[in-house]
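Keep the structure open while you read.

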Amino acid sequence: MCGIVGYLGKKQAAPVLLDGLRKLEYRGYDSAGLAIMTPEGEIDIAKAKGRLKVLEELTRGGKSLSGVCGIGHTRWATHGEPSENNAHPHCNDEKTIAAVHNGIIENYAELKEKLTRKGYNFYSQTDTEVATKLVDYYYKKYGDPIRAISEFALRVRGSYALAVINKDYPDSIFAIRKDSPMIVGVAGGDAFLASDVPAILKYTKSVYYVDNMQIARLEKGGVTFYNLDGEEVSKEIVEISWDAEAAEKGGYEHFMLKEIHEQPKVVKDTLNYIYRNGGLDFSEVGLSDGDFKKINGIVVVGCGSAYHAGVVMQYVTEDLARVPVRVELASEFRYRNPVLTDELVIAISQSGETADTLAAVRAAREKGLKTLAIVNVVGSSIAREADYVFYTKAGPEISVATTKAYSAQLIACYAFAIKLAKLHGQIDGDYYAKLLKELLSLPEKIEYLLSRKELIQKFAAKTMDRNDVFFIGRGTDYAVCIEGSLKLKEISYVHSEAYAAGELKHGTISLIEDGTLVLGILTQKNLVEKTLSNLIETASRGALIAAIAAESVKLSENSLDFVFRIPDSDEHFIASLAVIPLQFFAYYLSVLRGNDVDKPRNLAKSVTVE
Ligand code: F6R
């Protein structure tokens with residue numbers, strides 16, 4: 001969703017801002033713009049509909065805009081169509097104040113009416129123009145830029161990350177956020193602002209995470225933070241461990257391909273986070289053995305792929321630890337008034353900023369429940385609001401479709417399930433050691449699967465014209481199906497469904513016809529025969545059938561159109577292997593169909609609005 005950058009320092013601002021916006025492209029956008037404070041003390045604005053390169057061409061890579069202070073934005077249309085007029089930055093009538101904004105101002109219509117009564121005119125359909133003019137109104141009223149922003153915050157409902165430049169303060173950028181991410185970075189005399197770390201990683205790794213309703217004033221000498229009463233507040237600087245290269249393509253054609261290949265490392269790094277002295281140690285997560293022993297029930301919440309990781313967690317945790325686990329879509333959980341007693345609520349999120357997941361964490365905390373976040377982005381909102389945090393070690397994930405972060409989430413889920421099982425006395429020392437050994441062998445097995453990607457590439461080439469793909473499986477195989485199907489939909493735009501194999505007969509089988517592709521996941525030994533029969537049934541209705549099967553699963557391979565083997569593993573963890581060919585399948589189909597793999601249409605990386 002929308003990207004914000006701000007820069008103030010010694011360099012020409014526009015090229016730095018464009019560079020930052022490029023790093024945020026993955027978030028999804030439909031127009032972009034810059035506002036620069038010129039050396040003459042005027043505000044210069046350049047905006048363009050479409051890709052960032054249009055804005056780059058318009059401003060000759062930023063060179064045509066002189067000045068060392070500015071703000072930039074990539075917009076994802078919410079209020080008003082994608083157009084140059086609706087693109088940010090927006091400004092007041094006199095062009096003395098300009099602002100960029102992420103999020104949604106829910107009461108913008110009401111505020112617009114109020115400002116219209118005060119004599120304001122509006123040139124766009126956006127809530128951001130309303131936000132800008134509201135700040136302008138309070139600045140004119142009180143003559144204080146910090147007060148103007150506090151007054152804005154007190155009157156606005158919704159979510160926002162807002163950055164403002166003001167002609168009266170040519171050496172400052174003012175910013176505030178609520179429920180929309182924003183970080184501030186510093187390096188030497190330079191100050192940066194961004195909605196996500198990759199935008200400024202090239203310049204600095206020292207950042208401040210701006211808290212909700214906190215105001216930041218960036219100046220050449222550094223940054224000052226204020227509360228809504230205008231009082232200074234002190235904040236700790238955080239050093240980011242990600243390096244700039246991690247956010248580059250590194251020779252791969254797409255970020256998604258690079259990120260698929262990073263999975264052995266990501267799995268290893270995530271394991272190293274909690275694997276100590278031959279056992280699982282959750283002290284960095286903040287969970288003691290005593291805390292584990294008190295867990296009597298679990299509710300897992302997440303959205304999209306994070307929810308799918310939660311489905312795997314449910315199967316694995318209940319089977320190993322015999323503790324009841326419920327998994328819910330965060331967007332449903334937050335509104336459905338669920339019955340809760342003393343469950344641990346586990347929120348899974350790569351970005352740590354997904355609006356519905358954050359709201360679910362808040363809802364759980366309001367009910368007095370403890371929350372554990374399984375999150376990738378350090379310092380993100382969910383990480384800061386949860387009681388305990390398990391940081392997955394996926395590094396920056398740039399491609400919109402998640403791959404490596406999902407794999408890291410699975411590791412966190414397995415480790416949690418094993419530890420819980422051990423401390424609840426459900427598994428003995430030998431089984432515990434065996435499970436850990438299996439976990440530690442996953443990176444090598446994933447590496448092996450990466451080396452076999454051409455098989456999937458060929459299969460994708462053969463099936464690229466199929467319009468309907470069904471994924472079927474049982475147990476954790478079903479959990480992998482829902483992830484594989486989502487990957488396919490989101491980047492290849494092929495219609496796809498995931499079905500628990502036993503459900504197919506209850507209606508959906510009527511959709512199977514000549515040419516439908518049905519892909520079975522066959523890894524759970526006591527279930528494969530059943531899924532296989534379901535698969536064969538679809539073949540007799542004209543489907544092309546394929547299987548992703550564990551090495552030791554017996555199949556008469558000529559009854560299937562395509563079989564891809566994955567190494568055997570403990571069945572609890574085999575989702576980590578079965579998902580790899582499905583990621584490749586979606587990737588290659590997307591490439592073959594000429595789609596924008598890393599930035600699929602209509603999608604944003606971080607969904608910070610409902
Ligand atoms: C799919 C995908 C999304 C995310 C979902 C949650 O490839 O990336 O479905 O998994 O939007 O995002 P996070 O994990 O950031 O909460």
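The notes below describe a predicted model.

**The sheet.** Seven strands make up an open sheet, ordered β5-β6-β7-β8-β12-β13-β14, with antiparallel pairing.

**Thr392.** This residue sits in the loop between β22 (388-391) and α13 (404-423). Thr392 has 4% relative accessibility, under the 20% limit, so it counts as buried. Its side chain makes a polar contact with the side chain of Asn376, at 3.2 Å. Thr392 also touches other residues, including Thr270, Ile374 and Ala408.

**Aromatic rings.** The count of aromatic pairs is 18. Two of them are set out here.

| Pair | Centre distance | Plane angle | Type |
|---|---|---|---|
| Phe152 and Tyr160 | 5.1 Å | 70° | edge-to-face |
| Phe584 and Tyr588 | 5.9 Å | 15° | stacked |

Phe152 and Tyr160 are both buried. Phe584 and Tyr588 lie four residues apart in helix α19 (residues 575-592), about one turn. Phe584 is buried at 1% relative accessibility, and Tyr588 is buried at 8%. Elsewhere, Tyr273, Phe282, Phe292, Phe390 and Phe416 form one aromatic cluster.

**Charges over rings.** Lys133 lies over the face of Phe122, 5.0 Å from the ring centre. The charged end of Arg601 sits over the ring of Tyr493, 3.8 Å from its centre.

Conventions: Residues are numbered from 1 along each chain as its sequence is written. This is a predicted model: local features need pLDDT of at least 70, side-chain atom pairs count only at pLDDT 80 or more; totals for chains, interfaces and linings use all residues. Side-chain values use heavy atoms; hydrogens and water are left out. Two strands pair if DSSP finds at least two bridges between them. Helices (H or I, at least four residues) and strands (E, at least two) are DSSP runs, numbered from the N terminus. Buried means under 20% relative accessible area, exposed over 50%, partly exposed in between (1.4 Å probe, protein chains only). A polar contact is a pair of N or O atoms within 3.5 Å; within protein, one must be able to donate a hydrogen and the other to accept it, and residues adjacent in sequence count only if both atoms are side-chain atoms. Contact means heavy atoms within 4.5 Å. Rings of Phe, Tyr and Trp (its six-membered ring) pair if their centres lie within 6.5 Å; planes under 30 degrees apart count as stacked, over 60 as edge-to-face and the rest as tilted. A charge sits over a ring if NZ of Lys or CZ of Arg is within 6 Å of the ring centre and within 35 degrees of the ring normal. Lists of a residue's contacts leave out its neighbours within four places in sequence.
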